[in-house]
Amino acid sequence: MQAVNRKQLFLASRIALIFTAMTFAFRAGLTKVWHDEFVLTNEQLGWIFSPAFYGFTLAMIFGGPLCDLLGMKRLLVLAFIGHIGGVIIYLFSKDATMLFIGTLCIGIGNGMVEAACNPLTVSLYPENKTMMLNRFHVWFPGGIVIGSLISYLVIDKLHLDWRILISVLFLPAIIYGIMFFKLKLPQTERVTRGVSTAKMFSSCLSPLFIIMIACMFLTAATELGTNQWLQSLLEGAGISGILVLAFINGIMAIGRSFAGPVVHRLNPNGMLILSALFAGIGLVLLSYASGYAAFGAAAVFAVGICFFWPTMLGFVSEYLPNTGAMGLSLMGGAGMFSVSLVLPIMGHWFDEAKNTAIAAGTNVAKAEAAAGSATFMKVAIMPAIVFVVFIFIYLARRKHYQRNEVVSPA
C-alpha cells in the first residue's frame with residue numbers, strides 16, 4: 001500500500017495555493033485593462049471580481065462537510081476542473097458576462113483548494129498546526145508576488161495581450177494536478193481523532209466560534225479587499241500599485257515563513273491583536289502617502305495583515321479542534337464571502353469620492369488621489385473593530401493561555 005508522502009503533499013498544496021494567489025494578482029493587474037477594453041466602471045469591476053470570493057465561499061461551505069465524506073482528493077479534482085475551466089473561459093471572453101463566469105469557476109476552484117488543503121496541512125502536521133498553516137499560507141502572498149511581477153512584465157512593460165498573461169496559469173494548475181493524482185492523501189484529523197459528525201456540528205455553534213466567524217469577515221476584507229483594489233486606490237499617488245502589491249506580499253511571505261517563533265512567544269490571540277493594530281495604522285498611513293512614501297506605509301500594513309488569515313484558522317484549529325474540517329472551511333468561506341461583499345462597496349466608495357472631487361473642480365489625477373485616500377480611511381475602521389474584539393477575547397481567556405491549555409468547547 002502506498003505510504004503518505006508528507007513532503008510531496010505539502011509541496012503540491014503550496015503549488016495549488018500559488019495558482020490561487022496568482023489569479024488575485026492577475027486580476028489586480030488587469031483592472032485598468034478590463035476597465036478600458038470592456039468599458040466598465042470600478043463598481044462594475046467589483047461585481048465581476050466578486051464571484052472569485054463568493055464562488056470560493058460556496059466551495060468551502062459545501063466542501064468542508066464533504067471533505068470527510070468524499071475525501072480531500074476528490075475535492076482537489078474539482079479544484080483542478082474549476083481552475084482549468086475558468087482559465088479557458090477567460091481566454092475566450094468577449095464581454096463582462098464571460099469574465100464573470102470565468103471568475104466564478106476559478107473562485108470555486110480556489111475554494112476547493114482551501115477546503116482540502118487546510119485540513120490536509122493540519123492532518124499532516126498535528127503537532128504544529130498554527131505554524132504549519134502559516135508556512136502553507138506563505139505561498140498566498142508568495143504567489144501574489146510571483147503573479148504581480150509577471151503581470152508587471154507582461155502588461156506594464158511588454159504591453160502584451162492580457163490573454164497571454166492568463167495563459168501562464170496553465171503551468172501551476174497542471175503541475176499540482178499531476179502531483180495530487182499520483183499521491184495518497186491521509187484521513188482528516190477529525191476522523192483520526194474519532195470526533196463524531198454531530199460533535200463537529202455542535203462545536204461550530206459555540207459562542208467563541210461564532211465570534212471568530214464575525215471577526216473573519218473583517219480581517220479578510222481588510223487584507224484581500226484592499227489588496228485587490230490597491231492598483232486603483234494608488235492610481236493618483238504617483239506610484240505603481242502592482243509593485244506596491246508585490247512589496248506587501250513579499251513582506252507577508254517572509255513573515256509567514258518565520259511564524260513559528262512568533263506563535264510560541266505570543267500565541268495566536270496575541271498575534272491577532274498586534275496584526276489588527278498594525279493593519280489599522282498602515283491603512284491610515286496609506287491614506288496620506290504618495291510617491292515612494294507609499295512603500296513605507298505599505299510595509300506597516302503588510303506587517304499587520306501578514307498573519308491574519310492563517311492565524312485565524314490556527315486559532316480555531318488550536319482552541320476549537322472539534323470543529324474539524326468544517327470549522328476551517330466555514331472560517332475561510334466567511335472570509336471570502338466578506339470580500340465578495342466589500343469589493344463593489346470599495347469600488348463605489350472610490351467612484352463616489354472621485355466624482356465628488358471632480359464635480360468640485362478638482363482635476364482627475366488629484367480626484368483619484370483623494371478618492372484613494374478616502375477609501376483607505378473607511379477600510380481602516382474594520383481592523384480597529386477587531387483590535388478591540390481580540391483584546392476582549394484575550395482578557396476572557398488569559399487564564400487558559402497562562403496554563404498553556406488547548407481549550408475545546410463543551
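**Reading the terms**

Q: Which residues does A25 touch, not counting residues up to four places away in sequence?
A: With contact taken as heavy atoms within 4.5 Å, and with residues up to four places away in sequence not counted, A25 touches I144, G147, S148 and I242. The C-alpha atoms of A25 and I144 are separated by 5.2 Å, although these residues are 119 residues apart along the chain.

Q: What makes A25 count as buried?
A: A residue is called buried under 20% relative accessible area, exposed over 50%, and partly exposed in between (1.4 Å probe, protein chains only). A25, which is placed in helix α1 (residues 6-29), has a relative accessible area of 0% and is therefore buried.

Q: How is it known whether N110 is buried or exposed?
A: N110 lies in helix α6, and because its relative accessibility is 0%, N110 counts as buried. Leaving aside neighbours within four places in sequence, N110 is in contact with F19, T20, T23, F24, F56 and H83.

Q: Why is helix α7 described as mostly covered?
A: Helix α7 (residues 129-136) has eight residues, and seven of them are buried. The buried residues in α7 are K129, T130, M131, M132, L133, N134 and F136.

Q: Why are α6 and α18 called oblique to each other?
A: Angles under 35 degrees count as roughly parallel, over 145 as roughly antiparallel, 65 to 115 as roughly perpendicular, and the rest as oblique. Helix α6 (residues 96-124) and helix α18 (residues 324-359) pack at an angle of about 130°, with their axes 9 Å apart, and α6 and α18 are therefore oblique.

Q: Which residues meet where α6 and α18 are in contact, and how do they divide into nonpolar, polar and charged?
A: A115, N118, P119 and V122 in α6 meet A325, L328 and S329 in α18. These residues of the contact divide into five nonpolar, two polar and no charged.

Q: How confident is the predictor in this protein?
A: This is a predicted model, in which local features need pLDDT of at least 70 and side-chain atom pairs count only at pLDDT 80 or more, while totals for chains, interfaces and linings use all residues. Residues are numbered from 1 along each chain as its sequence is written, and side-chain values use heavy atoms, with hydrogens and water left out. The pLDDT, which is the predictor's confidence in each residue from 0 to 100, averages 88 for the protein, and 97% of the residues score at least 70. Over residues 405-410, however, the pLDDT is below 50, and this stretch has 19 contacts in the model beyond near neighbours in sequence.

Notes
Axes fitted to C-alpha atoms, helices over the stretch in contact; angles between N-to-C directions. Helix = DSSP H or I, 4+ residues; strand = E, 2+ residues; numbered from the N terminus. Nonpolar A, V, L, I, M, F, W, Y, C, P; charged D, E, K, R; others polar.
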